[in-house]
Amino acid sequence: MASRFWVGGTGPWDNVSILNWSTTSGGLAGASAPTSADAVFIDANSGTGIITTAAGSASAAITLNNTNIELKLGANHTAAGGIAFTIGTLNLNNFTLTQSGTFSSSNSNARTLAFGSTGKISISQNNGTVWTCATITNLVVTGTPTVDFTYTGAVGTRTIQHGFTAGGSAATSVSFNVLGGTDILSVGRHARNLNFTGFSGTLTSQSITLYGNLTLSSTMTITAGNPGFAYLASFGESVITANGVTGDVNTTFQLNASGSSVTFADALTFGTRTLTVQGGAYKFKNNATHIFSSSVSFTSSVSSPVSFSSTVDGSQYTLSSPSGAINSTYLTVKDSNATGGASWNAYVDFVNTDAGNNDGWNFGLSPPYASYEPPIIIRSFTQPRRF
């Protein structure tokens, strides 16, 4: 493998130009354009401006480490290696960057990752850390950020880390699509959307904070235990499609963003772990039974109330839990059938509301008030004795 260093500032990256390449950092131009066997370096000696790839451009690994350079795709580009993005701007410009190695951008430098409306990164790497962006402080993400993982085998563990250490937020999150594989997948911490369609392996959570949609594959499994999922919907409606998969991990829903909501698109079987709902609007698939453990709490407040409704107004959904008392505060319930042996308590004195078409809920006064009877006061009036 040879090395190619960009020394041309603004210019085209194609498969023939020799005016912008050198064999050393800041060296004389005139080296041949890189091939899929050559590592490409864009560093402090690369000048200032925009590098635009053309059809036919190729590389092995790419290192982007120049605050004054924007690497802009002018066509789809394939890198037979990984991407090390330290500083600067990587602009996919609605094209696809395909790579067979790790995408790495874990630091606190000012850098921009621009996708456009249809741009994406496609990674075939396996058996290792395929996306390592643990620290994403000062990372700016624009457009519709989409990353596909295309490995289809069964070897080892793939690890995805985004904002695991620092800098994670809705604004800096990325959507991940796991399109295949029967291996183990370890994911943490922040993701915009997670789609596992085509994946038949095992998901191990490193504590996932999700801001958008979750689509599970009917052929995948989720390792039970903790850490689990935290949903912080920030992009309007978040849709969760379980496809029959049980998520037996500790899970928290805390929807504080204005206009955010969660829709359960099919029957949800939660498992035996703790589920906490801390505010937000939730729609449950009508005519479906959603099964929860007895470790469920609806800990909303006057500033973050919770509402339950059906995906089809007027058509009931079923909530089922086997035992225990499931208590709620500041909960509004509509079109719900609560069953399974548990006591579903939405007492009116805990500021809960029966919005209609509900069965199985306790909407009365909470004990001991429900059994409270005012004392009977007997007054005796005695006429004064006259002498």
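1. In what order do the three strands of the open sheet with parallel pairing stand? The order is S30-S33-S36. Strands here are DSSP runs of E of at least two residues, and helices are runs of H or I of at least four residues, both numbered from the N terminus. Two strands pair if DSSP finds at least two bridges between them. Strand S30 (289–291) and strand S36 (336–339) stand at the edges with a single partner strand each, so one side of each has no neighbour in the sheet. On average, neighbouring strands of this sheet are turned by 25° against each other, direction ignored; the axes are lines fitted to C-alpha atoms (for helices over the stretch in contact), and angles run from 0 to 180 degrees between N-to-C directions.

2. On the basis of the note: this is a predicted model, in which local features need pLDDT of at least 70 and side-chain atom pairs count only at pLDDT 80 or more, while totals for chains, interfaces and linings use all residues. Residues are numbered from 1 along each chain as its sequence is written, and side-chain values use heavy atoms, with hydrogens and water left out.

3. On confidence: pLDDT is the predictor's confidence in each residue, from 0 to 100. The protein averages a pLDDT of 92, and 95% of the residues score at least 70. Over residues 377–382, however, the pLDDT is below 50, and this stretch has zero contacts in the model beyond near neighbours in sequence; contact means heavy atoms within 4.5 Å. Where pLDDT is low, the predicted coordinates should not be read in detail.

4. Cys133 stands opposite His162 in S17. Six bridges also join S17 to strand S19 (residues 184–191), likewise parallel, and Thr157 has Ile184 in S19 as its bridge partner.

5. The peptide bond from Gly188 to Arg189 is cis, with omega near 15°, and Arg189 is found in strand S19. Ser207, in strand S21 (residues 202–210), has a phi near 90°, a positive value in a residue other than glycine.

6. A cavity is a set of points, on a 1 Å grid over the protein atoms alone, where a 1.4 Å probe fits but cannot get out, and lining residues have an atom within 4 Å of a point. Grid points are joined across faces, edges and corners, and a volume is the space filled by probe spheres set on the points. The largest cavity has a volume of about 170 Å³. Of its 16 lining residues, Leu214, Tyr231, Gly247, Leu268 and Phe270 lie nearest its centre. Strand S24 (225–231) and strand S26 (249–253) are the elements that give two or more residues to this lining, and S26 provides the largest share, three residues. The lining divides into 13 nonpolar, three polar and no charged residues, where Ala, Val, Leu, Ile, Met, Phe, Trp, Tyr, Cys and Pro count as nonpolar, Asp, Glu, Lys and Arg as charged, and the others, Gly among them, as polar.

7. On the second largest cavity: its volume is about 60 Å³. Its lining includes Phe253, Phe264, Leu275, Tyr282 and Phe298. Strand S28 (275–277), strand S29 (280–284) and strand S31 (296–299) are the elements that give two or more residues to this lining. Ten nonpolar residues make up the lining, with no polar and no charged ones.

Definitions and conventions. On a 1 Å grid over the protein atoms alone, a cavity is a set of points where a 1.4 Å probe fits but cannot get out, and a pocket is an open set with protein on both sides within 12 Å along at least five of seven lines; lining residues have an atom within 4 Å of a point.
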